[in-house]
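Hi everyone, thanks for coming.

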Amino acid sequence: MADLCGAYAELIAAELVSNAVRHTKGQAALRVQWRAGILRIGAWDADPQPPEPSLPWERVADAEEGRGLALVRACADLWGWQPLARNGQRGKYVWCELAAA
């Protein structure tokens with residue numbers, strides 16, 4: 001089970017960072033935090049616009065693109081986003097949580 005959770009974590013981290021790089025201009029960063037049996041993975045980018053709403057996995061499983069957040073939603077226990085402002089720069093943080101098995 002730990003291997004499966006690790007595989008989910010890698011997949012989710014790759015999706016969040018690739019979305020931040022592909023769909024925004026400017027810098028992006030990944031943050032991973034472990035606390036009280038919860039792994040939180042998040043990606044920051046410089047675009048303050050909210051991410052596109054994620055569709056249910058069944059609707060995008062065969063699509064060639066647009067599956068990133070649906071995949072995150074399907075694999076994570078919880079996910080969301082929040083706008084950020086730091087040092088006069090605006091952006092957003094898209095995150096998810098995976099509970100330890």
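Lysine 92 counts as buried because its relative accessibility is 6%, where buried means under 20% relative accessible area with a 1.4 Å probe and protein chains only. A word on the source: this is a predicted model, with local features needing pLDDT of at least 70, side-chain atom pairs counting only at pLDDT 80 or more, and totals for chains, interfaces and linings using all residues. Residues are numbered from 1 along each chain as its sequence is written, and side-chain values use heavy atoms, leaving out hydrogens and water.

So what does the side chain of lysine 92 reach? At 3.0 Å there is the backbone oxygen of aspartate 47, a polar contact (N or O atoms within 3.5 Å, one able to donate a hydrogen and the other to accept it; residues adjacent in sequence count only if both atoms are side-chain atoms). Setting aside neighbours within four places in sequence, lysine 92 is in contact with residues including Thr24, Trp44, Trp81 and Leu84; contact means heavy atoms within 4.5 Å.

Now the strands, which are DSSP runs of at least two residues, numbered from the N terminus. Lysine 92 belongs to strand E4, residues 89-99, and its bridge partner is proline 83. E3 and E4 run antiparallel, joined by nine bridges; strands pair if DSSP finds at least two bridges between them. Two residues separate E3 from E4 in this hairpin, and asparagine 87 in the turn has a positive phi of about 50°.

Definitions and conventions. Helix = DSSP H or I, 4+ residues; strand = E, 2+ residues; numbered from the N terminus. Buried < 20%, exposed > 50% of the residue type's maximum accessible area, 1.4 Å probe, protein only.
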